[in-house]
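User: Please take a close look at the aromatic rings in this structure. I would like to know how they are paired and where the paired residues sit.

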Amino acid sequence: MPPVKPMLAKSVKTIPPGMHYEGKWDGFRAVVHRDGAEVVIGSRTGKPLTRYFPEVVAAVRELLPERCVVDGELVVAHGGRLDFDRLSERIHPAESRVRTLAERTPARFVAFDLLALDDTALLDAPLTERRAALERALAEVRPPVHVAPATTDVEEARRWFEQYEGAGLDGVVAKPLDLPYRPDTRLMYKIKHERTADVVVAGYRFHKSGPVVGSLLLGLFDDRGALQHVGVCAAFTARRRAELVEELAPLVMDPPDAHPWAAWGEAAAHESARLPGAPSRWSGKKDLSWVALRPERVCEVGYDHMEGDRFRHTAQFRRWRPDRTPESCGYEQLEEPVSYDLDEVLSGP
């Protein structure tokens, strides 16, 4: 019975040998429960996603076994690759908007584990048995339901790690062959791309614990010479958060009228530029205010991959770069993966 929280993965630097390998899908983790006409799509936190994906519910009723629980990922494809921004748009309070987007940007469900079938719970079965049962149970599925390609060949997994990024995947997941399914426990391994970039520090937000730095706001110059907000870096120690407030104090702009992102509070400004503080369905009523800094300091950050013109996830602070000028921090320094068609990924072994 739902909710069932999915089994999780811990980050490692390299692909471990002797395991079961799959691509790491950049979507919404989803545990799908079906009992006849009843369908529940559970999120990573256990909350239902069912109402946001009516086309997936219809596909589950048509294509999945009559009674089953399947772990997988909800994804949206656009231009031959995964598109997380379009997927995020699906979380909308208006049913009419959800229906429109279900037709305009339909989602797919990529299945990679079978937790129950008919009256049999498979949580204690080893991965090899669950995978074989998944392939038998979903042998006749067709889009928008897919079985995730998998291999036990570590060399093939290394090729996937390089190739699949071009289709929007963000790495490889490795699973021990004898692994039972343990909800909400990090027993798998994820290997993600990591790159570095030199970025302009143009502001910061306070931490929820008090008047110390929570995250630094990062920018890159586009080809028009405009500073675009590309994300944040965080994960500082408590001591370092306090030190950063003092360290950055000489750069604080108060008032911030001359700051490149001074118009961040105007909704219309976000339509023509990437600015911090844009309200979203994720942030809700969260305080998105920030402290403006003169954009004069450069730092190096680690990141995994880009989503359009921004960092897909929170970047990691590496070091200050006093040898770099802000104007030298542009998009051209970023490595772009070679394009790879998502359909090629989904038609793999």
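Analyst: A residue counts as buried when its relative accessible area is under 20%, as exposed when that area is over 50%, and as partly exposed in between. The model is predicted, with a mean pLDDT of 92 for the protein and 95% of its residues at 70 or more.

There are nine aromatic pairs in the structure. One of them joins Y164 and Y340. Their ring centres are 6.0 Å apart and their planes make an angle of 35 degrees, which is a tilted arrangement. Y164 lies in the loop between α5 (154-163) and β11 (171-175), while Y340 lies in the loop between β19 (315-320) and α7 (342-346). Y164 has a relative accessible area of 4%, so Y164 is buried. Y340 has 23%, so Y340 is partly exposed.

A second example is the pair of W261 and W290, which is edge-to-face. Here the centres are 5.9 Å apart and the planes stand at 65 degrees. W261 and W290 are both in the loop between α6 (238-248) and β16 (291-303), 29 residues apart, and this pair too is one that links distant parts of the chain. W261 is buried because its relative accessibility is 0%. W290 is also buried, because its relative accessible area is 12%.

Some rings form a group: F28, F53 and F84 are linked into a cluster by ring pairs. F84 also has a charge over its ring, since the charged end of R312 sits there at 3.4 Å from the ring centre.

One stretch of the model calls for a separate note. Over residues 280-284 the pLDDT stays under 50. For this stretch the model has nine contacts beyond four places in sequence.

For a view of burial in a helix, take α4, residues 127-137. Its buried residues are L127, R130, R131, A133 and L134. Seen down the axis of α4, these residues fall within an arc of 165 degrees, and therefore they line one face of the helix. The buried residues of α4 pack against several strands, including β2 (20-23), β5 (67-78), β7 (107-117) and β11.

Notes:
Residues numbered from 1 in each chain as written. Predicted model: local features only at pLDDT ≥ 70, side-chain atom pairs only at ≥ 80, totals over all residues. Heavy atoms only, no water. Phe/Tyr/Trp six-rings, centres within 6.5 Å; stacked < 30°, edge-to-face > 60°. Helix = DSSP H or I, 4+ residues; strand = E, 2+ residues; numbered from the N terminus. Buried < 20%, exposed > 50% of the residue type's maximum accessible area, 1.4 Å probe, protein only. Lys NZ or Arg CZ within 6 Å of the ring centre and 35° of its normal. pLDDT = per-residue confidence, 0-100. Contact = heavy atoms within 4.5 Å. Arc of directions from axis to C-beta.
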